[in-house]
Amino acid sequence: MSKTRISPSILAADFSCLGRELARMEHAGADMIHFDVMDGVFVPNISFGIPVLASIRKATSLPFDIHLMIADPLRYADAFAKAGADMITFHLESDSDPRETIRAIHAAGSKAGLTIRPSTPVEALFPFLPELDFALIMSVEPGFGGQSFLADAPDRIRALRSMSPDLPINVDGGINRETAALCREAGADILVSGNYLFGAKDAAAAIDSLR
């Protein structure tokens, strides 16, 4: 089995020195960078968008894992891909047609992922799995960093894994040493972590602890 891949979420980074923060995670052994996009509509928070992504693309060679928590991902898929998104995840609960959005992400040259809110049954993802490059299980409610890991997330990971033995599964929310072990055991491949990694004095040791 390949090693668990780690995706630090820059929502928890120090934005006064974002380039150095990205370099710190790259040097610590991160596999990709997670980029949370919130529009204040689909979720109540507002984060950052295409100009920030484009500006930091040159600061690291790591792949960018983009999570669109926005109402109309189809409208922006191409622009995010052109700005440097290697992977684009959007929500099934958004206003965009899921299959059309998946096709648009692929046409733009990015990998396509789909996710759901914790309150949405995981079975809602099943019809789309053959068209996806990966799927994302939210282990917190989307919209804010620093939340506690939801106890039913491992069961949702297992259900998804049982339906698709080979599809990469990404998990986002409340990931630390203890919850990472639960996710790995359930079948997760990619772990997103924000505060645990960016708040660590030794980022390399923190990343290793998630694997």
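A: Asp36 is buried and yet has no salt bridge, where buried means under 20% relative accessible area, exposed means over 50%, and partly exposed lies in between (1.4 Å probe, protein chains only). A salt bridge is a side-chain nitrogen of Lys or Arg within 4 Å of a carboxyl oxygen of Asp or Glu. For Asp36, the nearest side chain of opposite charge is that of Arg117, 12 Å away; in this counting Lys and Arg are positive and Asp and Glu negative, while His and the chain ends are not counted. This is a predicted model, in which local features need pLDDT of at least 70 and side-chain atom pairs count only at pLDDT 80 or more, whereas totals for chains, interfaces and linings use all residues. Residues are numbered from 1 along each chain as its sequence is written, and side-chain values use heavy atoms, with hydrogens and water left out.

Asp36 lies in strand β2, which covers residues 33–38; strands (E, at least two residues) and helices (H or I, at least four) are DSSP runs numbered from the N terminus. The side chain of Asp36 makes a polar contact of 2.9 Å with the side chain of Ser9, and another polar contact, of 3.3 Å, joins it to the side chain of His67. A polar contact is a pair of N or O atoms within 3.5 Å; within protein, one must be able to donate a hydrogen and the other to accept it, and residues adjacent in sequence count only if both atoms are side-chain atoms. If its neighbours within four places in sequence are left aside, Asp36 is in contact with Ser9, Leu11, Ser47, Phe48, His67, Met69 and Asp172, contact meaning heavy atoms within 4.5 Å.

Strand β5, residues 111–116, is joined to β6 by 4 bridges, and the two run parallel; Leu114 has Ala135 as its bridge partner in β6. Because 5 of the 6 residues of β5 are buried, this strand is largely enclosed by the rest of the structure. Strand β4, residues 87–91, also runs parallel to β5 and is joined to it by 5 bridges, with Leu114 as the bridge partner of Phe90. In the loop between β5 and β6 sits Leu125, which counts as buried because its relative accessibility is 0%. Apart from residues up to four places away in sequence, Leu125 touches Leu114, Thr115, Ile116 and Leu160.

Strand β7 is also among the elements that cover the buried residues of helix α6, together with α5, β8 and α8. In α6, residues 177–186, the buried residues are Thr179, Ala180, Cys183 and Ala186. Seen down the helix axis they fall within an arc of 125°, so they line one face of α6; the arc is that of the directions from the helix axis to the C-beta atoms. On the other side of α6, Glu178 and Glu185 are exposed. At the start of this helix, a side-chain oxygen of Asn176 reaches to within 3.0 Å of the backbone nitrogen of Glu178.

Asn176 is also among the contacts of Tyr196, as are Ser209 and Leu210. Tyr196 lies in helix α7 and counts as partly exposed because its relative accessibility is 29%. A polar contact of 2.7 Å joins the side chains of Tyr196 and Ser209. In helix α8, Ser209 is buried, as are Ala203, Ala206, Ile207 and Leu210. These residues cover an arc of only 160° around the axis, which puts them on the same side of α8. Among the elements that cover them are β1, α1, α6, β8 and α7.

Notes. Two strands pair if DSSP finds at least two bridges between them.
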